[in-house]
Amino acid sequence: MKIGIFADAQECASVASEIIIDLFADDPTSVLGVATGSTPEPTYQMLRQAHQAGRFSLAKGQAFALDEYVGIPSDHPERYRNMLLRNLVENDATGLLDENLHTPDSEHPDPQVAAAEYEAKIAAIGGVSLQILGIGTDGHIGFNEPGTSLTEVTHVDYLMEQTRIDNARFFDHQIDQVPTQCITQGLGTIMSAKRILLLATGKQKAEAVKEICEGSVSAFWPGSILQMHRQATVLLDEDAASHLQLADYYRQRWALQQG
Ligand code: F6R
């Protein structure tokens with residue numbers, strides 16, 4: 001794992017967006033794995049700015065979402081497809097075409113079939129070039145909650161109570177409005193991405209960050225599986241990094257790696 005620690009969320013987003021811009025400069029047909037939630041939003045904003053400035057385009061690329069709620073109305077603003085359309089597609093946000101934004105089909109009559117089809121679609125395209133991730137306060141990546149198999153593929157799963165509490169802020173603070181079921185890439189699917197870029201900002205992520213970076217690899221903290229990935233980069237603000245035992249070493253090593 002490469003671990004970068006920065007002053008604030010804006011600086012993390014700046015580093016993340018430059019990594020993504022470089023990837024698409026090298027290969028405009030790359031496949032971007034896109035997370036939703038609050039954490040990647042500043043990064044998406046910087047990608048939109050870079051697109052406006054003519055430095056970045058997803059016009060020849062593809063994007064695959066990590067997950068989607070099951071049972072959410074198709075026009076709900078918090079449906080992950082809608083969030084990604086707003087951030088990456090609408091008004092020529094990044095050049096990404098609607099048909100090149102792929103999300104699990106949460107309206108399929110059989111979500112299990114939809115999950116299997118989504119996994120097959122990722123495999124058919126040759127996998128994700130770079131997967132953006134956030135992290136839940138319980139250590140989930142995608143919606144792989146504690147106890148999920150470390151090698152699972154895309155599947156139907158259930159949100160933990162803590163995740164529904166955390167996400168209630170998107171649903172007028174009404175936990176009952178937060179869906180209980182989701183389709184998510186599994187940890188095995190996420191691990192098959194060629195590169196991983198995990199972003200975490202804010203004090204509320206500090207414990208999960210400590211556990212996934214410095215704890216044992218365990219299904220109790222699902223993000224800890226990233227310790228087994230050869231090209232995983234973790235970008236943190238000072239608050240999210242505040243429980244790390246080896247923070248000073250990570251800072252020094254990051255500076256040397258960039259130099
Ligand atoms: C989103 C996702 C989740 C979030 C995580 C953190 O597609 O899969 O794992 O990344 O819940 O969410 P935020 O960024 O809102 O704190």
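**Histidine 140 and its surroundings**

Modeller: This is a predicted model. Leaving aside neighbours within four places in sequence, histidine 140 is in contact with Gly134, Ile135, Glu145, Thr163 and Pro222.

Biologist: Is histidine 140 buried or exposed?

Modeller: Histidine 140 sits in the loop between β6 (130–133) and β7 (155–158). Residues under 20% relative accessible area count as buried. Because its relative accessible area is 10%, histidine 140 is buried.

Biologist: Which side chain does histidine 140 join in a polar contact of 3.2 Å?

Modeller: Glu145 and Thr163 are among the residues in contact with histidine 140. The polar contact of 3.2 Å runs from the side chain of histidine 140 to that of threonine 163.

**The ligand**

Biologist: Of the 14 residues around the ligand, which come nearest?

Modeller: Histidine 140 belongs to this group, with an N or O atom of its side chain 2.7 Å from an oxygen atom of the ligand. The residues that come nearest are Thr36, Thr39, Asp67, His140 and Lys205.

Biologist: How far is a polar side-chain atom of aspartate 67 from an oxygen atom of the ligand?

Modeller: Aspartate 67 is listed among the residues that come nearest to the ligand. From a polar atom of the aspartate 67 side chain to a ligand oxygen atom, the distance is 2.5 Å.

Biologist: Which residue has a backbone N or O atom 2.7 Å from an oxygen atom of the ligand, and how much of the ligand does the protein bury?

Modeller: The backbone atom belongs to glycine 142. Taken alone, the ligand exposes 410 Å². Of that area, the protein buries 95%.

Biologist: How many residues of α3 are buried, and what covers them?

Modeller: α3 is mostly covered, with 9 of its 10 residues buried.

**Loops**

Biologist: What is the phi of asparagine 91, and where is this residue?

Modeller: Most residues other than glycine have a negative phi. Asparagine 91 is exposed, with a relative accessible area of 76%. Asparagine 91 follows α3, in the loop between α3 (80–89) and β5 (101–102). Although it is not a glycine, asparagine 91 has a positive phi of about 55°.

Biologist: What is the phi of histidine 173?

Modeller: Histidine 173 lies in the loop between α5 (161–167) and β8 (181–184). Its relative accessible area is 64%, so histidine 173 is exposed. Histidine 173 is not a glycine, yet its phi is positive, about 60°.

Biologist: How far apart in space are glycine 71 and glutamine 231, C-alpha to C-alpha?

Modeller: Glycine 71 is in the loop between β4 (67–70) and α3, and counts as exposed at 67% relative accessibility. In sequence, glycine 71 and glutamine 231 are 160 residues apart. In space, C-alpha to C-alpha, the distance between them is 35 Å.

**The whole chain**

Biologist: What radius of gyration does the chain have?

Modeller: The chain has 8 helices and 10 strands, and its C-alpha trace spans about 50 × 40 × 35 Å along its principal axes. Buried residues make up 55% of the 259 residues. A compact globule with 259 residues would have a radius of gyration near 18 Å, so the chain agrees with that at 17 Å.

Key:
Residues numbered from 1 in each chain as written. Predicted model: local features only at pLDDT ≥ 70, side-chain atom pairs only at ≥ 80, totals over all residues. Heavy atoms only, no water. Helix = DSSP H or I, 4+ residues; strand = E, 2+ residues; numbered from the N terminus. Buried < 20%, exposed > 50% of the residue type's maximum accessible area, 1.4 Å probe, protein only. Near = heavy atom within 4 Å. Polar contact = N/O pair within 3.5 Å; in protein donor to acceptor, adjacent residues only side chain to side chain. Areas by Shrake-Rupley, 256 points an atom, 1.4 Å probe, with all protein chains shown as cover. Rg over C-alpha atoms; globule rule 2.2 N^0.38 Å. Contact = heavy atoms within 4.5 Å.
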